[in-house]
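Look at the structure first, then read the points below.

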Amino acid sequence: MMAYFLTDLAELTRHLGRTRQIWQHDARQDWFQTDATTPSPLVAGRPARSAKGFFFAEQEHVFEFDGRYFRETLPRPKPFALIGVSSCDLVALAYQDQFFADDPHYQARRQQGLLVGLECTTPCTHGFCPTVDAGPGARAGTADLVLHPLDDGWLLTATSTQGEDSLRGLSLAAASECAQQLRDKQLADCEQQFPDDHHIVEGARRLNAGEIAEDLWQHLGIQCLSCSGCTSLCPTCSCYGVQDQSSEQTISRRRFWDSCLYDGFQREASQHNPSADAGARVQRFWYHKFSDDFRQDFGRYGCVGCGRCEVTCPGVIGVHSVMKRICHE
Amino acid sequence: MPGQQSVQTICPFCGVGCGMNLLVDHQESVVGVSPQSDHPISKGKLCAKGWSTPFAIEPGDRLKHPLIRTPNGFRAASWEEALEVICFGLEDIITRLGPDAVGVISSARASNEDNYAAQKFARAVLGTNNVDHCARICHSPTVAGLKQTLGSGAMTNSAADIDQADVIVVWGSDATENHAILGGHIIEAKLRGATLIVVDPRRTRLAKLADLHLQVRSGSNILLANALLHEIYRHGWQDQAFLDARCEGAEALAEAVADCSPSRLSEAIGVPASQIQTLARIYGQAGNAMIFYGMGITQFVSGTFNVMALANLALSCGQMGRPGTGVNPLRGQNNVQGACDMGCLPNVYPGYQDVADPAARQRISDYWQCLVPNRTGLTSMGMTRAALRGVFKGMILFGEDPVVTDPDQNEVLASLKALDLLVVAELTMTETASHAHVVLPAASFAEKNGTFTNCERRVQLVHQAIPPVGESRGDWQWLGAIARRLGSKALDWTDSQAVFDEMAAITPNYSGMTYPKLARHHGLQWPCNETAPDGTALLHQTSFPIGRARLIPVHHVDIDEPADGDYPLQLTTNRLHFHYGCGSMSRKSPLLERETPDGILFINPLDAQSLGLRDHSAVGVRSRRGYLETRAILTDDLPPGLVSMPYHFHEAPSNQLTNRAMDPISKMPELKVCAVRVCPLPEGQQPRPIQAILAQTSGSDPQETSG
């Protein structure tokens, strides 16, 4: 793992941009493709959308059948780099990497993507990454390159072989010990600035201990409009639905992001529905994000503390709202 | 996502007007959406419909070429050919019967620019005021009622005001389903401590969360409002200073409600007198109290009076002109406010300038350089009736599916069949389009620039994200093409901005708006003019457009069709969070379509039991006007005696059953209540879609068919 000092970020962007499309997010909080020769300034923090959709497409065709043969419809993206992925979103991608380890569509994109993380030095609204071990510093093994802002430039750390390779041809000075120390200090300061989130820890404990009254879930279920906002924006949600579409010559199957909060998500053809109850669906969602059972499979909670669900939920049952209700009722 | 760009625009569904970004891939199709975190209303949220936008406009089943009807069905045609057929038809009808034999139905889903073009096309090119749109069946009583009492028929306050309300009364509106993001603001307000009161015959989501739910009988709105006023005046809770300074008619109103005591009316209203007294006390003594209402107020033969009753209530308590107060109609479609503002109504030019006012007519005629007609035109239902009488022969209609959405489907179908020329511009082949002589492919909101006006009067920019699908065109463009062929240059604009600028110059409330200014402000709320260059979030702060507000006493009007021995159940209509209007957009989403089995009848378990129905039992539903088959869903969200159907499903259209009896003032049909009979279908028999039922009974009277 090599650490460098970078005076001008544009130099790195131009370098990576010679062989890749470059994506960043901006003050409008959305990802956009940038012209690497004249890159826009980098914006720290959480964009409205995580980087999930770069790899797990919101909708895509998975195969076609022409009556005789099945044909794969694998994506063939050009190499691309995401510059400025926040630590929480990097952790979420590592989580998705496990889930989609054998998914050729996900992997076809993943192998073309270079992840350049950007560490946060101030907490974002609703964020609680330190509590769920997902930030503000980039977690090991989640990025190819990691940027950290310094007073007079950037600390650039290559954290994977692919990352190290990507820097070839760029003349970089090694980072000083002092820069490393400043990074550690800034991250520690940032962690200190996060508001109290005792309710998250205590809520997760009660959830795992089965201490939550059934009627609280029922009440939260009334507030769930089944909009699919939380699952769309949650960087670790990975459920998808499929649909076959026939045209004159072919049948094509597509998949698209699904949501476990929909009544139809688990409804069977007979109309029997194991999760017909909105409260039960809300409970299941939070169980997936905070249950110790999933921790065994994925090595961590399903929640990376980005706080997007709190922003996007029209029914006011995002993570903070739910956990506070769990603790206070 | 590699290869995508994101384009800032406004959600094409309800009247809340949420900010969304469309994600466009390298093949120029919309593959995703994301919410705008910095949008003043939606603040990073979208509802299920908003999230499903890419499905709603995807090219698969979109109309890609004009179609012309032949004896063997439709054939694809060029635009040239289609325009020729349309112009020949229009000229023929106008020559034979005059311009009032043709008319335009515009679309509350289309942009302001499209709607401005539609009414100008009717008035300046065809020469008729026969122009209307679906506001007729959602908020025409609001326009009529609030115009009389306050002087302006729109939401008095803004969505952001919800944060400042101490009391929120949601009356006849299922806000979390139809205006989900605004409904969410109401949930948020309730959680922070505001008092939430719901008045609705159905136990809606908000009713379940409310401090108080008055589960009233359908059609008792005026009784309840008057009983509340009775309590308020009896206890002296009225805001006398406000009444003295800003209103007229308070004494007459107090007198008119003197005999409307809660105890006397409680039985007719269907709730205990104590609940009425509690609501009167809470509203009468509130700091800031905000009333929201929807179709549960407007869709009655008493629609206009219902609206006036709510205005009486708010004015009496001085709940007007301050943040967190007001009378706030929630509008159903993305641009229904705009379509009204543009003058797509038979009695007003753009900006609600009365066609009967010679000065207004002169002003418009001078501006357009042609003499515009001065006789009030036909409403949409008026066109239906006139077609059945044989005096209305040609209709141009876009972005609306009256066969599914208008009352009394069989009458609507008969009227369309009586036309010599029906032109429908649409995204997909709807029920109405399938009866057209010429079908034109229309561009979706993602394929054009323009503006939408949301229910809080905010005019917002819509940006083109992808090229039009197939040969589809924006509405003002194809209307312009017809106009040119008819020899008129009235619709010769170069781009949507030119349409907007022409409109803003003649529409007083919009006169201070330009595209660059809208872009800078996340939209602007009208009135936006010289005195309010940055728009107006809050109406009636110091005065009303009519000077003093008018308190006009209103009296109970019976519903047109109460339940009786033959039709023992009362049917009401509702909407689902997952669907929008006729379903032509929302039902393209496999996720939303999965949510609801095709067409449904909601019924109380007690009624179901007495009919021998289980959950999902197949049923036949009959009213005096029609018959359909669907499946029952048992729910105690409805009281016994009341059943409900959403109107989104063309295979089981509630409008087979609904009543066309109208509010005499606004011509609003009584969609919210009629009488029906429900019976189980034989075991094992699937519900037949209405198309199959009508095909089997064509030639015979549908009243006499089995079921």
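**Domain interface in chain A**

Three salt bridges are counted between domain 1 of chain A and domain 2 of chain A. The model is predicted. Domain 1 covers 2–193 of chain A, and domain 2 covers 198–328.

**Charged and polar links**
- A:Arg255 and A:Asp103 form a salt bridge through their side chains, at 2.8 Å from N to O.
- Across the interface of domain 1 and domain 2 of chain A, 25 residue pairs are in polar contact, with both residues at pLDDT 80 or more.

**The domain 1 side**
- Strand E4 (59–65), helix H2 (87–99) and helix H3 (104–110) of chain A each give two or more residues to the side of domain 1 that touches domain 2.
- Which element gives the largest share of that side? H2(A) does, with eight residues.
- By residue class, this side of domain 1 holds 19 nonpolar, 10 polar and 10 charged residues.

**Extent of the interface**
- The size of an interface is often given as the accessible area lost when the parts come together.
- Here, domain 1 and domain 2 of chain A bury about 3300 Å² between them.
- Carbon and sulfur atoms carry 59% of that buried area.
- In residue terms, 39 residues of domain 1 of chain A contact 38 residues of domain 2 of chain A.

**Placement**
- The centres of domain 1 and domain 2 of chain A, taken over C-alpha atoms, are separated by 26 Å.

Definitions and conventions:
Residues numbered from 1 in each chain as written. Chains lettered and ligands numbered in written order. Predicted model: local features only at pLDDT ≥ 70, side-chain atom pairs only at ≥ 80, totals over all residues. Heavy atoms only, no water. Domains from an automatic or database assignment. Contact = heavy atoms within 4.5 Å. Buried area = accessible area lost by both parts, 1.4 Å probe. Salt bridge = Lys/Arg side-chain N within 4 Å of Asp/Glu carboxyl O. Polar contact = N/O pair within 3.5 Å; in protein donor to acceptor, adjacent residues only side chain to side chain. Helix = DSSP H or I, 4+ residues; strand = E, 2+ residues; numbered from the N terminus. Nonpolar A, V, L, I, M, F, W, Y, C, P; charged D, E, K, R; others polar.
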